[in-house]
Amino acid sequence: MTTFLLSLFLGCAAPTQSANCHDTARTMADISGCEQENAREADKALNTAYKERVAKYADDSLFRAKLKKAQRAWIAYRDLELDLIDSGGSIASFCRGIRFAELSKERAIYLKSLAEKEEGDVCAP
């Protein structure tokens, strides 16, 4: 039964996860550890994207203040979103890790897009 559950979890894992980590994971704790590492990497990428935007707009204090406020609101949203899936048990950290990474990657992409304003895009900051 344990082998079946592990193969089920490994089979449905998010495609962006480290294959090496999942290749060696043998327990639910191992799998959760893989997801936590994936979440850490996504968080690092998000922090880098945020810092790059702050640096890019170093001369625009109004934009930086708005970005900081928006980022804090997004973090509050992310945390509440994660609370929705926190059902306890060994699967909770696995599910939270996956969702944390998804949300963080989406936000990092958005923050990077702030620097890729196309000419004539009147809706971009």
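Helices (H or I, at least four residues) and strands (E, at least two) are DSSP runs, numbered from the N terminus. The views below come from a predicted model, in which local features need pLDDT of at least 70, side-chain atom pairs count only at pLDDT 80 or more, and totals for chains, interfaces and linings use all residues. Residues are numbered from 1 along each chain as its sequence is written, and side-chain values use heavy atoms, with hydrogens and water left out.

View 1. Glutamate 37 counts as partly exposed, at 33% relative accessibility (buried means under 20% relative accessible area, exposed over 50%, partly exposed in between; 1.4 Å probe, protein chains only).

**View 2. A salt bridge between arginine 96 and aspartate 83.** The N to O distance is 3.7 Å. Arginine 96 lies in helix H5 (residues 90-113) and aspartate 83 in helix H4 (residues 61-84), so the pair ties together parts that are 13 residues apart in sequence. Arginine 96 is partly exposed at 25% relative accessibility, and aspartate 83 is partly exposed at 47%.

**View 3. A network of salt bridges linking Glu81, Arg99 and Glu102.** The side chains of arginine 99 and glutamate 102 meet at 3.1 Å, N to O. Both of these residues lie in helix H5, 3 residues apart, about one turn of the helix. Glutamate 102 has a relative accessible area of 34% and is partly exposed.

**View 4. The largest nonpolar core, with 10 residues.** A nonpolar core is a set of buried Ala, Val, Leu, Ile, Met, Phe, Trp, Tyr and Cys residues joined through side-chain atoms within 4.5 Å. The members are Leu46, Ala49, Tyr57, Phe63, Leu67, Trp74, Leu103, Ala108, Leu111 and Leu114. H3, H4 and H5 are the elements that give two or more residues to this core. Leucine 111 touches Leu46, Ala49, Tyr50, Arg53, Leu67 and Gln71, not counting residues up to four places away in sequence (contact means heavy atoms within 4.5 Å).

**View 5. Asparagine 20 in helix H2 (residues 19-24).** At 60% relative accessibility, asparagine 20 is exposed. The C-alpha atoms of asparagine 20 and cysteine 34 are separated by 9.2 Å, and the two residues are 14 residues apart along the chain.

How values were computed: Salt bridge = Lys/Arg side-chain N within 4 Å of Asp/Glu carboxyl O.
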